[in-house]
Amino acid sequence: MAFVTNDGVRISFSVQGNSKAVLLVPGLGGSIRQLARISTELARGHKVISIDPRGAGDSDKPNGPYGAADRIGDVIAVRCRDGVVCDVMVVPNTRVPIRV
């Protein structure tokens with residue numbers, strides 16, 4: 001588990017595997033734990049970065065509410081930490097992979 005700080009909020013994330021990067025972001029209220037199965041499978045052929053959004057999992061839980069801009073900022077902070085360029089970002093609740 002690693003951490004990055006965005007606007008004073010500590011964001012938790014994990015990295016598995018190597019090769020082309022895939023970024024996994026759980027849906028609202030979700031955490032890395034719910035992504036464990038898919039991240040393990042994807043890590044066989046990809047570098048998988050899973051994020052605990054603010055307010056969930058091992059990330060800080062500041063007083064809310066949090067908006068889309070906060071979540072996007074957290075994702076950008078994780079990506080920028082290691083200069084990660086992702087082929088696909090998966091956000092399970094939207095059911096639509098988003099190219100970043």
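At 2% relative accessibility, Ser-59 counts as buried.

Q: What kind of model is this?
A: The model is predicted.

Q: Which elements make up the protein, from the N terminus on?
A: The order is β-β-β-α-β-α-β. That gives two helices and five strands.

Q: Is Ser-59 buried or exposed?
A: Buried means under 20% relative accessible area. Ser-59 has 2%, so Ser-59 is buried. Across the protein, buried residues make up 38% of the 100 residues.

Q: Where is Ser-59 found?
A: Look in the loop between strand E4 (47-52) and helix H2 (68-81).

Q: What does Ser-59 touch, leaving out residues up to four places away in sequence?
A: Contact means heavy atoms within 4.5 Å. Ser-59 touches Arg-10, Ile-11, Ser-12, Asp-52, Pro-53 and Arg-54.

Q: How many residues separate Ser-59 and Phe-3 in sequence?
A: They are 56 residues apart in sequence, yet 8.0 Å apart in space, C-alpha to C-alpha. For the protein, take the contacts with a separation of 6 or more: residues 24 or more positions apart account for 66% of them.

Q: Where does Asp-74 lie, and is Asp-74 buried or exposed?
A: Asp-74 lies in helix H2. Its relative accessible area is 2%, so Asp-74 is buried.

Q: Which residues is Asp-74 in contact with, beyond its neighbours within four places in sequence?
A: Asn-6, Ile-11 and Arg-54. The side chains of Asp-74 and Arg-54 are joined by a polar contact of 2.8 Å.

Notes. Residues numbered from 1 in each chain as written. Predicted model: local features only at pLDDT ≥ 70, side-chain atom pairs only at ≥ 80, totals over all residues. Heavy atoms only, no water. Helix = DSSP H or I, 4+ residues; strand = E, 2+ residues; numbered from the N terminus. Buried < 20%, exposed > 50% of the residue type's maximum accessible area, 1.4 Å probe, protein only. Polar contact = N/O pair within 3.5 Å; in protein donor to acceptor, adjacent residues only side chain to side chain.
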